[in-house]
Amino acid sequence: MSSLPSQPASAIDVSGVYAAYQRQPVLEDIHLSLPSGRWTAIVGPNGAGKSTLFHVLTGSMKPLRGRVTAFGQAIEHHRKAGRIAYMAQREAIEWDFPISVWETVMSARYGHMRQDAWWRRLLPARWHSSRHRDAVEKALNDVDMLAYAERPIGALSGGQKKRVLLARALAQEASILLLDEPLAGVDPPSERLILDVLKREREAGRTIVMVTHDMPGARRYVDHVVLINRFIRGEGAPDEMLSDSKLAELAVSSIANSPADVGRVRLPAFASKE
Amino acid sequence: MLETLDVWSSALVAGLIAALMVPVNLMPDSVSEAFQYAFMQRALLTSMMVGAICGMLSCYVVLKRWSLLGDAISHAVLPGVAVAYLLGLPFFIGAFVTGALTSLGIGAIERHTRIKSDAAMGIMFTGAFALGVVLISKIASSTHLMHILFGNVLGVQQSALLLTLAASLVALLVVWLAYRPLMLYAFDPTQAQALGFNTGVIHYGLILLLTLTIVASLETVGIILVVAMLITPGATAHLLTDRFKTMLFISVGIGVGSAVLGLWLSFAFDVASGGTIVLVATGCFFTALLFSPKHGVLMRLWRHRSLGGAN
């Protein structure tokens, strides 16, 4: 990490974002600048608003207030240009859908295909420019799933599905990867493979933002940590942010109404009893 | 102007029928005999087109779990037909308007209240259907109602045939041009949104396409049985393949095949043609359910047994 410049530019800037579900506030006064070319982990308890933050970043949810920019421009602009890849946590995917692993990953290129010549767009994917095929092949190879390219997506195991969805995010060749719990429900070998793939992507200069509950993995791999629980509860280097005291404070913070209250909230009485 | 259009469209239909009769006349006499009548030729052409577009749309209906929505739109078409009749407009305009309004109404109830979508559909389509029944009971005979409900393919007029042709071309063009966004939306709407596709436009576009297909099928199989043609071919194809494009082709094939076979059987046995067409499609479904090499019941039993034997 010492090889990286000490003050990187920011890839995504979030300023003053508020978001709510049915008038229940989920995110309040979020100010963030996620460093470009770095690997950021978003950490927080369940219901802390991590996925909501991603929904705001991908545009599926409009914040009540505040704005989000990427590389200094409105984030929609980058999304339409295919520069932001997103891997959802609970995918609204129909696993019985008649689609192969290859086609699933190829769907990441649909955004880029809008820039192809109009007559190419009327043809099946195999007559498209070879860069789409190359990207798909490379992504599947990276997650070690190329041998499964022709399988129907529904015939894969849980860990394999996750790897294919990661390949889909990679095949988009986006500058920013937003990954909502890419390691949830994955067996240890797949977990290591996914972390190594992401490490290589980071070294290739991509910005990675991931939600995770895997503290050992985060301590070992990421460059930057954001602690969130309705408010931003901390931001900084992994060693400092993922210390036991910080994490305990974060867990308790659900009871507090604002960051200012955190210090004053005591652990519930039953927790301190022997 | 209108006259030349009329001449051209008549010529187009005559040409299509002539082309269709070439393979028909190659069939044994017992089959081709039925299609020597002009009304049977028109019925054949119309029901084949209806089978094709219903088959195509049924893939999206089945994969998006929109079976009940198809049912809802088809019933909601009825008051539109009645109102159009009252105002002296072509029936398909009224049908399209009430079908589209009902689907928008269902979406609005679902989005803005705590009522779930199946209840919203149930309320809206039975309400619209009841309105249609009341209106028609006042203005037309029960034969008329029966024709709308169950189709009257043997009495298809030139205008209805042209409407079906136009609807088929529109549906085919939309599915071809928007193939990728439509497939991605059916497979993973979140991803479609994240890639910057306008999912609202895709959603309502697909609903309008569904409404158009239903309106175009009205005279052939009727509004009750069109639902079968919007579900059965797609469900059958889903049992037979793991590729979306193949599913589209199989589904269209089943739609067209049941239309042709059903029409001929209905002529040979002198029974209702709409019902016979649907029964043939249902037969295809159960055949696939039993004998599909990938997802059939027998294959699954056999695989189960051979696995059990190995243990």
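Domain bounds come from an automatic or database domain assignment.

**View 1. The two assigned domains of chain A.** In this predicted model, the assignment for chain A gives domain 1 (7–82 + 175–187 + 208–256) and domain 2 (94–172). The C-alpha centres of domain 1 and domain 2 of chain A lie 27 Å apart. Counting two residues as in contact if their C-beta atoms, placed from the backbone, lie within 7 Å, the contact takes 7 residues from domain 1 of chain A and 8 residues from domain 2 of chain A. On the side of domain 1 of chain A that touches domain 2 of chain A, the residues divide into 4 nonpolar, 2 polar and 1 charged; here Ala, Val, Leu, Ile, Met, Phe, Trp, Tyr, Cys and Pro count as nonpolar, Asp, Glu, Lys and Arg as charged, and the others, Gly among them, as polar. Residues are numbered from 1 along each chain as its sequence is written, and chains are lettered from A, with ligands numbered from 1, in the order in which they are written. Because the model is predicted, local features need pLDDT of at least 70 and side-chain atom pairs count only at pLDDT 80 or more, while totals for chains, interfaces and linings use all residues.

**View 2. The open antiparallel sheet of chain A.** Helices (H or I, at least four residues) and strands (E, at least two) are DSSP runs, numbered from the N terminus, and two strands pair if DSSP finds at least two bridges between them. In chain A, 4 strands form an open sheet in the order E2-E1-E4-E5, with antiparallel pairing. Strand E2 (24–35) and strand E5 (73–74) of chain A are the edge strands, each pairing on one side only. Strand E1 (residues 10–21) of chain A is joined to E2(A) by 8 bridges, and the two run antiparallel; A:Ala19 stands opposite A:Leu27 in E2(A). Also in strand E2 of chain A is A:Asp29, which has a positive phi of about 50° although it is not a glycine. A:Asp29 is partly exposed, with 16 other C-beta atoms within 10 Å; a residue is buried if 20 or more other C-beta atoms lie within 10 Å of its own, exposed if 12 or fewer, and partly exposed in between, with C-beta atoms placed from the backbone.

View 3. The loop between helix H7 (158–171) and E7 of chain A holds A:Glu173, whose phi is near 50°, a positive value in a residue other than glycine. A:Glu173 is partly exposed, with 19 other C-beta atoms within 10 Å.

**View 4. An enclosed helix in chain A.** Since 8 of the 9 residues of helix H1 (residues 50–58) of chain A are buried, this helix is largely enclosed by the rest of the structure. The buried residues of H1(A) are A:Lys50, A:Thr52, A:Leu53, A:Phe54, A:His55, A:Val56, A:Leu57 and A:Thr58. H1(A) is followed by A:Gly59, whose phi is positive, near 85°.

**View 5. Helix H5 of chain B and its surroundings.** The 22 residues of helix H5 (residues 91–112) of chain B should span 32 Å at 1.5 Å a residue, and the end C-alpha atoms are 32 Å apart, which agrees; the expected span is 1.5 Å times one less than the number of residues. Among the buried residues of H5(B) are B:Phe91, B:Phe92, B:Phe96 and B:Ile106. What covers the buried residues of H5(B) includes helix H4 (67–87), helix H6 (117–139), helix H8 (158–177) and helix H11 (199–240) of chain B.

**View 6. The side of chain B that touches chain A.** The predictor gives the complex an ipTM of 0.83 and a pTM of 0.87. In the model, 18 residues of chain B are in contact with 21 residues of chain A. The elements giving two or more residues to this side of chain B are helix H9 (179–187), helix H10 (189–194) and helix H12 (244–269) of chain B, and H10(B) gives the most, with 5 residues. By class, the side of chain B that touches chain A has 8 nonpolar, 6 polar and 4 charged residues.
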